[in-house]
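Biologist: I am new to reading protein structures. Could you show me how to go through one, feature by feature?

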Amino acid sequence: MSQPKPLNLPFDPIDRAAESWRAHFGPSAAMAAVTSIMRAHQILLSQLDSLLKPYDLTFARYEGLVLLTFSKTGALPLSKIGERLMVHPTSVTNTVDRLEKSGFVRRLPNPRDGRGVLAEITEAGRGVVRRATADLMGAEFGLTMYAEDELHAMFDQLRTLRVAAGDFPASPMRQDEGHGGLL
């Protein structure tokens, strides 16, 4: 997997910023944590997008294709895609535009809503999802440095933030891999 260019700094800049923050403003644990999360996001997105580039995909477009793959009919209204991927309608439109240009989805009129549009995954889209997923799983989504129990703990820690933001209720929502509830 292509790695982002290493910074090769002689110190941890986030730790250094936290020291300065403490000296100027007080406790810095939250600032250091959020800055670390934002940097991790940059690193992972760069790695995943590099891995997906040969498939003419970004991670955002890959997520859209996977969502369509998981749907019962292979098609969803654009509004439902935005809701499930937690992105703005404009982002969904741009994603579907690019996927359509690549031949991975097609737009169809929504039979349940005369004004609505469905995005439907094509056979080419299903094929690219299979190949890209094999590569992502082989690279463990860029998280090879963590053990499985650490990944579960990370998921649980970040789930707390998502619940607090109102993404979904705190009650268990999953049944797979020990996360309880329903998917």
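Modeller: Happy to! Keep in mind that this is a predicted model.

Biologist: Let's start with a helix. What should helix α3 span, and how far apart are its end C-alpha atoms?

Modeller: The expected span is 1.5 Å times one less than the number of residues. Helix α3 covers residues 59–70, which is 12 residues, so it should span 16 Å. Its end C-alpha atoms are 16 Å apart, which agrees.

Biologist: Which residues of α3 are buried?

Modeller: Buried means under 20% relative accessible area. In α3, the buried residues are Phe59, Arg61, Tyr62, Gly64, Leu65, Val66, Leu67 and Leu68.

Biologist: Now the surface. Which residues form the nonpolar patch?

Modeller: Look for Val34, Ile37, Met38, Leu158 and Leu161, which together have about 460 Å² of accessible area. Two elements, α2 (29–52) and α7, each give two or more residues to this patch. The largest share, 3 residues, comes from α2.

Biologist: Is Asp149 buried or exposed?

Modeller: Exposed means over 50%. Asp149 has 55% relative accessibility, so it counts as exposed.

Notes:
Residues numbered from 1 in each chain as written. Predicted model: local features only at pLDDT ≥ 70, side-chain atom pairs only at ≥ 80, totals over all residues. Heavy atoms only, no water. Helix = DSSP H or I, 4+ residues; strand = E, 2+ residues; numbered from the N terminus. Buried < 20%, exposed > 50% of the residue type's maximum accessible area, 1.4 Å probe, protein only. Patch = residues over 30% accessible without salt bridge, like charges linked within 9 Å, V, L, I, M, F, W, Y side chains within 5 Å. Areas by Shrake-Rupley, 256 points an atom, 1.4 Å probe, with all protein chains shown as cover. Salt bridge = Lys/Arg side-chain N within 4 Å of Asp/Glu carboxyl O.
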